[in-house]
Every structure is written in structure tokens, then in C-alpha cells.
Amino acid sequence: MPVNALYRDDFYLSTCEAVVTAVHEDGGIELDQTCFYAASGGQPGDTGFFERADGSKIELGQAKHGAAKDIVIHVPLEGQARPQINEKLVLHIDWPRRYRLMRMHTACHLLSVVCSYPITGAAVGEDESRVDFDMIDTIDKDEVTAKLMDLVNQNHPVYLQWITDEELAANPGIVKSKNVRPPVGLGRVSLVCIGENSAVDSQPCGGTHVSETQEVGQIHIAKIEKKGKENRRFRIRFGTPGDDA
């Protein structure tokens, strides 16, 4: 059944209460609401645990979408107990992991500002992310790093605006990605805006992000790889270039 995905409106919500609505044969758990981000758009789903009334835990390996985007399935690790339908649980996401992914995902958006080329692929990771661009230009990774850190240190606000699926369809030019389409079908689409009045960037995205660029912290381009005649892969890592040694 459709879930109230609380993370869509509050990226910093790390715990909430929920009621079990379904338990699948493979152990997957559905809830009436959740703060667990379901894997989508290159960002991994949240991990963490459910706390039961007796204090015991159900450890979770991932959160993913079901047959539709309004269904979130929480997948327990092997050997975990199965909850009962209508059982009340307290949800706890692995916050340090989620926060690193939020910082990384925001960094990917900043990279798309510095490198204004069509995006052909992306994957957000805890320690390294990658963004692929449709480009043939040669570009210096240290120069890109310097521009990224300028945006980080300027501490621009990062916030959401909502548009309808119809408004997105009428303005396809706002989508930077060539291969991954924004999450539609829920009636509304979130625009991740950076800077006052979206002065830095505005991009449809269903992922989770920090609230100001300074939270991204120290990042750098570790490597730029040629992945075809017109494709370049940028690898983003936390820390300074010297940390790669």
C-alpha cells in the first residue's frame, strides 16, 4: 500500500514511529510511514533498525521501492525476527551513513554546476561518488576542486521547491540528466534549489541533501576518467587531494 514517505519533506528526520502494514514472504516489511530513504536515482537506500515494544531490534540491510514509487520495502538482514501486521515500531536510520550520503549527493549537484554538461550517469556513495558527463573537453581536476570548494565555502542555502508532474513535462529543459528521469508519478516533483532564489542551481531530484553547502565539508575530484569518445567520469571524494595518497 502507499506509504507516507516522511523523508521527502524532512531530510534530517532520523527516527519515527510506524505501523506494520505488510510482511512479504521474503521478509520485506511495509509500513504506514517511514523515514527510510528508498534506493533511487543513484543514491543507496537507508540502513538501520526497527525497535520493537520489548526493546528488541530488527536490523535492516536496505530500503527499496516496490512495484511503484509510493511503495517502500524495508529488507531485514538474514535471521532477523518478523514483525506482526499492525505492530507498532520505532524506526532508526543509520544517521552517520545517511548524513554522509546527503553531503555527497549535494556535492554531486555542485559538480553539475561547475561542469555544465549533460549528465549521463551518477552514483552516490559514502566515501566516493561518481558523475559521468557527455563532454569531450579536457579539464583540470584541481581547477574543478577549487571551484567546488568555492561553492561549498560560500555556504549557499539548499532547499526544496515543488512542481507538478505536468509542470515538469512542460519544461523538460530543466533536467540535466540524459539517462535518469526525475521521479514522477506521485503528482509532484521536488526541485533541489541552491542559492537564494535558486541563483546557483535548480534541478529535479528525489534524493536527500544537506540544508547549506558548507555542510558538504572538504571534497575534491580524485580522478577524471575517459569512458568513451564523449564521456568523462568524475570521482568525488571527501578530504583533500593529499588524502588519496
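Which backbone nitrogen does a side-chain oxygen of Asp 140 reach at the start of α2? It is the backbone nitrogen of Asp 142. The views below come from a predicted model.

**View 1. The two ends of α2.** At the start of α2, a side-chain oxygen of Asp 140 comes to within 3.2 Å of the backbone nitrogen of Asp 142. The helix itself has 13 residues. Its first and last C-alpha atoms lie 18 Å apart, close to the 18 Å expected at 1.5 Å a residue. After α2 comes Asn 155. The phi of Asn 155 is positive, near 50 degrees.

**View 2. The buried side of α2.** Six names mark the buried positions here: Val 144, Thr 145, Leu 148, Met 149, Leu 151 and Val 152. They cover an arc of only 155 degrees around the axis, so they sit on the same side of α2. An α-helix has 3.6 residues a turn, so residues three or four places apart point the same way. The packing partners of the buried α2 residues are α1, β14 and β15.

**View 3. The largest nonpolar core.** This core holds 31 residues. Leu 111, Phe 133, Val 144, Leu 148, Ile 219, Phe 234 and Ile 236 touch the most other members. At least two core residues come from each of α1 (95–114), β10 (128–133), α2 (141–153), β12 (188–194), β14 (219–226) and β15 (232–238). The largest share, eight residues, is supplied by α1. In soluble globular proteins, nonpolar side chains tend to be buried together.

**View 4. Around Phe 234.** Residues up to four places away in sequence are not counted in this view. Phe 234 touches Leu 111, Cys 115, Ser 129, Arg 130, Val 131 and Phe 133, among others. Its contacts also include Met 135, Ile 139, Val 144, Ile 221, Lys 223 and Ile 224.

**View 5. Cysteines without disulfides.** A search of the whole structure finds zero disulfides. For Cys 16, the closest cysteine sulfur is that of Cys 35, at 3.7 Å. A disulfide needs the sulfur atoms within 2.5 Å, so this pair is too far for a bond. Cys 16 is buried, with a relative accessible area of 10%. Cys 108 is in no disulfide either. From Cys 108, the nearest cysteine sulfur is that of Cys 205, 9.3 Å away. Cys 108 is also buried, at a relative accessible area of 9%.

Technical notes
Residues are numbered from 1 along each chain as its sequence is written. This is a predicted model: local features need pLDDT of at least 70, side-chain atom pairs count only at pLDDT 80 or more; totals for chains, interfaces and linings use all residues. Side-chain values use heavy atoms; hydrogens and water are left out. A nonpolar core is a set of buried Ala, Val, Leu, Ile, Met, Phe, Trp, Tyr and Cys residues joined through side-chain atoms within 4.5 Å. Buried means under 20% relative accessible area, exposed over 50%, partly exposed in between (1.4 Å probe, protein chains only). Helices (H or I, at least four residues) and strands (E, at least two) are DSSP runs, numbered from the N terminus. Contact means heavy atoms within 4.5 Å. The expected span of a helix is 1.5 Å times one less than its number of residues. The arc is that of the directions from the helix axis to the C-beta atoms. A polar contact is a pair of N or O atoms within 3.5 Å; within protein, one must be able to donate a hydrogen and the other to accept it, and residues adjacent in sequence count only if both atoms are side-chain atoms.
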